[in-house]
Amino acid sequence: MSDSVALDPADLQILRLLQNDARTTYRELAAEVGVAASTCLDRVARLRRSGVILGDQLRLDPAKLGRGLQALLLVQVRPHRRELIGPFVDRIRSLPESRALFHLTGPDDYLVQVAVADAADLQRLVLDEFTSRREVARVDTRLIFQQWECGPLLPPAAN
């Protein structure tokens with residue numbers, strides 16, 4: 001069973017435009033797509049109701065907020081049991097340094113993107129919030145030198 005939603009070319013164009021700038025007005029969207037503003041409003045509302053559009057986000061520059069160093073932490077949790085996972089995930093998500101958290105397959109259980117002030121702050125975070133936890137067996141750290149945004153997310157092209 002697929003969770004995908006049927007999208008026509010106008011829907012795809014609306015999604016492409018909104019992913020590039022979520023502040024685009026319905027009037028601007030309608031002009032770009034070639035439909036009436038009310039039609040555009042209805043389409044966006046349907047895309048929200050169907051769960052295709054999950055929300056709007058404000059992107060901030062971590063460096064301008066005093067968090068100029070970003071890193072990826074590969075975390076191994078042992079034992080990897082449900083009763084340990086919930087509290088671990090809740091704690092990591094609550095940290096102001098955490099930017100994204102992924103549950104993985106393979107030798108590492110989690111990938112955590114963090115933004116910190118500097119190397120000393122990263123060391124403090126790893127020691128105080130990760131390796132001090134009983135269930136954390138290992139943390140492997142990778143610094144992020146540069147990050148790029150990629151194109152809009154659209155469904156796979158039909159063959």
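Helices (H or I, at least four residues) and strands (E, at least two) are DSSP runs, numbered from the N terminus. The structure is a predicted model, in which local features need pLDDT of at least 70 and side-chain atom pairs count only at pLDDT 80 or more, while totals for chains, interfaces and linings use all residues. Residues are numbered from 1 along each chain as its sequence is written, and side-chain values use heavy atoms, with hydrogens and water left out.

**Chain**

The chain holds 5 helices and 4 strands, in the sequence pattern α-α-α-β-α-β-β-α-β. Its radius of gyration (taken over C-alpha atoms) is 20 Å, well over the 15 Å from the globule rule for 159 residues, so the chain is more spread out than a compact globule. That rule is 2.2 Å times the number of residues to the power 0.38. The C-alpha trace spans about 55 × 40 × 30 Å along its principal axes.

Of the 159 residues, 30% are buried, meaning under 20% relative accessible area; exposed is over 50% and partly exposed is in between (1.4 Å probe, protein chains only). Contact means heavy atoms within 4.5 Å. Among contacts between residues at least 6 apart in sequence, 64% join residues at least 24 apart.

**Sheet**

The 4 strands form an open sheet in the order β2-β3-β1-β4, with antiparallel pairing; two strands pair if DSSP finds at least two bridges between them. At the edges are β2 and β4, each pairing on one side only. Neighbouring strands are turned by 20 degrees against each other on average, direction ignored. Axes here are lines fitted to C-alpha atoms, for helices over the stretch in contact, and angles run from 0 to 180 degrees between N-to-C directions.

| Element | Residues |
|---|---|
| β1 | residues 69-77 |
| β2 | residues 98-103 |
| β3 | residues 110-116 |
| β4 | residues 136-144 |
| α5 | residues 119-130 |

Strands β1 and β4 pair in the antiparallel sense over 8 bridges, and Leu 72 stands opposite Arg 142 of β4. Helix α5 lies across β1, β3 and β4, at about 20 degrees to β1.

**Gln 76**

Gln 76 belongs to strand β1. This residue is buried, with a relative accessible area of 17%. A polar atom of the Gln 76 side chain lies 2.8 Å from the backbone oxygen of Pro 107. Neighbours within four places in sequence aside, Gln 76 is in contact with Pro 107, Asp 109, Glu 135, Val 136, Ala 137 and Arg 138.

Methods: Polar contact = N/O pair within 3.5 Å; in protein donor to acceptor, adjacent residues only side chain to side chain.
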